[in-house]
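Please read it alongside the sequence and the model shown here.

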Amino acid sequence: MPSQEDQQLQQQQDHNFHLRRNRRETSTKAEPTAPTPPSPTPQTPVTPPPIAATVSDATQPPAPQERLRAAVLFALASERFFATYRRRHVPNPVGAGTRLSSSLSPAAVASQAGPLFALATRHLPLDAAIDDDFERGDVGVDTTVLSGEAQALVLFEKARCAGHAAATGVCGFFREFGLAGLDVDLVAAESLYTVAANAGSGLAQARLAFLKMHGRPGITIDHRAAARWSQKCRRRGETAVAWLRAGAGAGQPAAQFCLALCFYNSIGVAFDGTAAFRWCESAARGGVAGAQNVLGNLHVEGTGCAAASARAGLRWYIRAAERKEAAAIYNIGTLFERGLGVEADTVQALEWYRRAASFGSVNAENILGIFCEQGVGLDRRMPSQAAHHYRTAALAGHPHAQYNLARCLHEGIGVARDDARALAWFCRAADQGHTLAALSAAVCLEAGLVGPIAAAPPAAEAVRVTRTDRAAAVALYARAAAAGCPEARRRVRPLVAARVLVAARILLNARSVDPSQDEHTKSDTCPAIAAAAAAATAAVAVRT
């Protein structure tokens, strides 16, 4: 005997079915013309709805029935998507008519659809639901000429527009890797990932944890954001990578690559070099250029394989470089610079770095700055070019380049000296965990090396400069000391003593200041100073 809840849900489904049928009948009567025959082209391009619509709609929670429908669409789209690759790579002993519940494990989908998916599988015939959509034309395109991958995208887009977080993340995945005939659009992918991650998508959080750490053309590096998303994945555990596991197991190369990155970078799962190598190799052989590059890294490091081999790594770098993978081109340059697998040649390394930079490698821009500053591979030093390369990489969020640019501004290397702007870039790099930048910013604040800005900086370079005071210097010294910097520990001790032990200031060799004349000693009970002093003291106690 069906429960009252089951009866109500069945009545609601019947009502929605009749509404859709009446709407189609009305549309048919209003337009009695013969239907247009399908296009003879083998593929009909899928035109996804604009991303802006997703962002605006994401703030409005969908109705329960819409949420249920979106969960079903997402589950069915995942099955269609994975089945496309499963038929190519994994024999299906159950048959082509296998439903989602028997081909994807409950754990693989429960994290994405949650109780809504469980409710859907109880009350809705999944195969009938997807066939009903396609036969009735509710998807908005002629699906008779679409590939399985493109059909999946249509359903993912429908679920995305209904506010489904996991579907929104998958739509970003399609754009990141150019699936279903879409152009690769990393900016659009980041936008969709951000919306989905904020709504709780584990896939989106895992991808942002990687992309914000390493950057890509159009995606700014932000180590703080990367750490935040990585922490969210760590709290979710295995569920953060459930969709990737399902896709990797079905033989989808991009999912295999992303799962390998999760194992290698400990995103949502514990580090596992063997698993990272296995999935990365499978994705590389499937034609993913990024996986070919990372597989080269694993061979060079000897991670997950029998032994390190720079020559094997170089072979994979070359395969990825032939597909214009900027990171692989950069890595070939590192092999020439270090003499691994090839004869050391800084001139060749410089040329490879230049090629990598032309394809968008931020790491290459920073290394080019170092080469130009030191004259490596050149007949002379080129400080102005060095500052230019540093600034290009710094604006893309590269913390080492931000530190190097700040150093150039502070010392006048290739640019006019500007201590205020130097402090701004030191602080930016320090915020991303760059220890030397934190130490340098603290020195500037302690010494008061902040003057008027020589010229108005460009809008992209406008940075809020931390207030010049010793409290900020103590906080930065404490941060660098906690990261293991001996110089920061040495410098923070007298500052902490000067603030906490005001009466002992006269005993400090380098500081014979009359406390009555120093505005910083008027109060010895500053909570911020006490907290910074405690942190610095703890760091010194642990590290020494």
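## Packing of two helices

Is the crossing of helix 8 and helix 10 left-handed or right-handed? In this predicted model, the crossing of helix 8 and helix 10 is left-handed. The axes of helix 8 (residues 165-177) and helix 10 (residues 202-214) lie 8 Å apart and meet at an angle of about 40°; angles from 65 to 115 degrees would count as roughly perpendicular and those under 35 as roughly parallel, so the two helices are oblique to each other.

Helix 8 contributes Gly-169, Val-170, Phe-173, Glu-176 and Phe-177 to the contact, while helix 10 contributes Leu-203, Ala-204, Arg-207 and Leu-211. Sorted by class, the contact of helix 8 with helix 10 comprises 6 nonpolar, 1 polar and 2 charged residues.

## Nonpolar cores

The largest nonpolar core has 71 residues, of which Phe-81, Phe-156, Phe-173, Phe-174, Trp-243 and Leu-244 touch the most other members. Helix 13 (residues 253-265) supplies the largest share of this core, with 9 residues. A second, separate core holds 39 residues, including Cys-372, Ile-413, Ala-422 and Tyr-477.

Beyond residues up to four places away in sequence, Leu-244 touches Phe-173, Leu-203, Ala-255, Cys-258, Leu-259 and Cys-262.

## The setting of His-299

His-299 lies in helix 15 (residues 289-301) and, because its relative accessibility is 14%, counts as buried, the cut-off being under 20%. Apart from neighbours within four places in sequence, His-299 is in contact with Phe-277, Cys-305, Ala-307, Ala-308, Ser-309, Ala-312, Gly-313 and Trp-316.

How values were computed: Residues numbered from 1 in each chain as written. Predicted model: local features only at pLDDT ≥ 70, side-chain atom pairs only at ≥ 80, totals over all residues. Heavy atoms only, no water. Helix = DSSP H or I, 4+ residues; strand = E, 2+ residues; numbered from the N terminus. Buried < 20%, exposed > 50% of the residue type's maximum accessible area, 1.4 Å probe, protein only. Contact = heavy atoms within 4.5 Å. Core = buried A, V, L, I, M, F, W, Y, C linked by side-chain atoms within 4.5 Å. Axes fitted to C-alpha atoms, helices over the stretch in contact; angles between N-to-C directions. Parallel < 35°, antiparallel > 145°, perpendicular 65-115°, else oblique. Left-handed = near helix turned anticlockwise from the far one by under 90°. Nonpolar A, V, L, I, M, F, W, Y, C, P; charged D, E, K, R; others polar.
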